[in-house]
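Please look over the fold shown below before reading on. The briefing that follows takes up the sheet, the helices, the aromatic rings and the core in turn.

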Amino acid sequence: MIGCPKTLGDVMKPVCTWPAPVNLSGDHVKLAPLSLDHAVDLKRACAEVSGLWYTSIPTPDGMEAEIKRRLSLTDMQPFTVMTPDGTPVGMTTFMNIDATHRRVEIGSTWYAKSVQRSGLNTEAKLLLLTHAFEVLNSIAVEFRTHFMNQQSRAAIARLGAKQDGILRNHMISPDGSMRDTVCFSIIAGEWPAVKMNLRHKLERFA
């Protein structure tokens with residue numbers, strides 16, 4: 001890892017590890033560094049989720065392996081998503097980390113059905129984006145999803161992210177089908193408006 005610059009023009013003064021493990025918390029959610037200690041609760045959480053063919057959600061039997069996989073990747077900073085009382089209910093990550101150009105992707109996210117359509121996801125995205133732009137000084141945060149995942153595409157757009165394009169035949173899915181990937185991003189100059197939008201959305205869960 002390398003130090004992160006203090007400002008866009010201050011590239012020679014490292015002030016932090018990019019990114020360092022961190023705990024983030026709000027009124028609706030806690031984000032903690034992923035750990036095998038969370039496996040039992042995460043197995044219970046993923047058992048609630050009905051996976052669709054175009055999504056990849058860990059199975060209870062494969063949970064430990066998935067945790068180990070995420071922890072082994074050098075370009076990923078994985079989090080356990082928790083309710084305010086500390087119960088693990090899902091996963092999310094900073095991934096495809098590009099320290100040189102200060103870009104990250106937020107992805108590989110899933111939540112237990114019991115916390116979907118609550119303030120948890122909105123606040124989780126607010127916490128991650130705030131950390132990315134205001135602490136890590138990122139110049140852009142990316143989101144990617146399967147072309148066929150209309151629910152995910154709509155949710156990303158509601159955050160205020162803009163569609164950059166579609167990578168055709170981008171990946172081979174586990175079932176052998178070809179995945180077209182839709183790419184979105186939020187750039188640093190857009191962050192103040194996106195932040196205001198997310199805070200406004202959270203008001204209805206107060």
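Is Gly189 buried or exposed? Gly189 is exposed, because its relative accessible area is 70%, where exposed means over 50%, buried under 20% and partly exposed in between, with a 1.4 Å probe and protein chains only. This is a predicted model, in which local features need pLDDT of at least 70 and side-chain atom pairs count only at pLDDT 80 or more, whereas totals for chains, interfaces and linings use all residues. Residues are numbered from 1 along each chain as its sequence is written, and side-chain values use heavy atoms, with hydrogens and water left out.

**Sheet**

- Eight strands form an open sheet with mixed pairing, in the order 3-4-5-6-7-8-10-9; helices (H or I, at least four residues) and strands (E, at least two) are DSSP runs numbered from the N terminus, and two strands pair if DSSP finds at least two bridges between them.
- The edges are strand 3 (24-25) and strand 9 (162-172), each of which pairs on one side only.
- Strand 9 and strand 10 (residues 178-187) run antiparallel and are joined by seven bridges, and Gly165 has Cys183 in strand 10 as its bridge partner.

**Helices across the sheet**

- Helix 1 (residues 39-46) lies across strand 5 (77-82), strand 6 (88-98) and strand 7 (103-111), and runs at about 100° to strand 6; axes are lines fitted to C-alpha atoms, for helices over the stretch in contact, and angles run from 0 to 180 degrees between N-to-C directions.
- Helix 4 (residues 150-159) lies across strand 8 (140-146), strand 9 and strand 10, with an angle of about 160° to strand 8.

**Aromatic rings**

- Two aromatic pairs are found in a search of the whole structure, where rings of Phe, Tyr and Trp (its six-membered ring) pair if their centres lie within 6.5 Å, and planes under 30 degrees apart count as stacked, over 60 as edge-to-face and the rest as tilted.
- The pair of Phe79 and Phe94 is edge-to-face, because the ring centres are 5.7 Å apart and the planes stand at 80°.
- Phe79 belongs to strand 5 and Phe94 to strand 6, so this pair ties together parts that are 15 residues apart in sequence; both Phe79 and Phe94 are buried.
- The rings of Phe133 and Trp191 are stacked, because their centres are 5.4 Å apart and their planes are at 25°.
- With Phe133 in helix 3 (residues 119-135) and Trp191 in helix 5 (residues 191-202), that pair links distant parts of the chain, 58 residues apart.
- Phe133 is buried, with a relative accessible area of 8%, and Trp191 is buried at 5%.

**Nonpolar core**

- The largest nonpolar core has 47 residues, of which Leu31, Met63, Phe94, Trp110, Leu129, Val141 and Phe143 touch the most other members; such a core is a set of buried Ala, Val, Leu, Ile, Met, Phe, Trp, Tyr and Cys residues joined through side-chain atoms within 4.5 Å.
- Helix 3 gives the most to this core, with eight residues.
- Leu129 touches, among others, Ile106, Val141, Phe143 and Trp191, not counting residues up to four places away in sequence, where contact means heavy atoms within 4.5 Å.

**Exposed positions**

- Ser25 lies in strand 3 and is exposed, with a relative accessible area of 52%.
- Gly189 is placed in the loop between strand 10 and helix 5, and its C-alpha is 34 Å from that of Arg69, 120 residues away in sequence.
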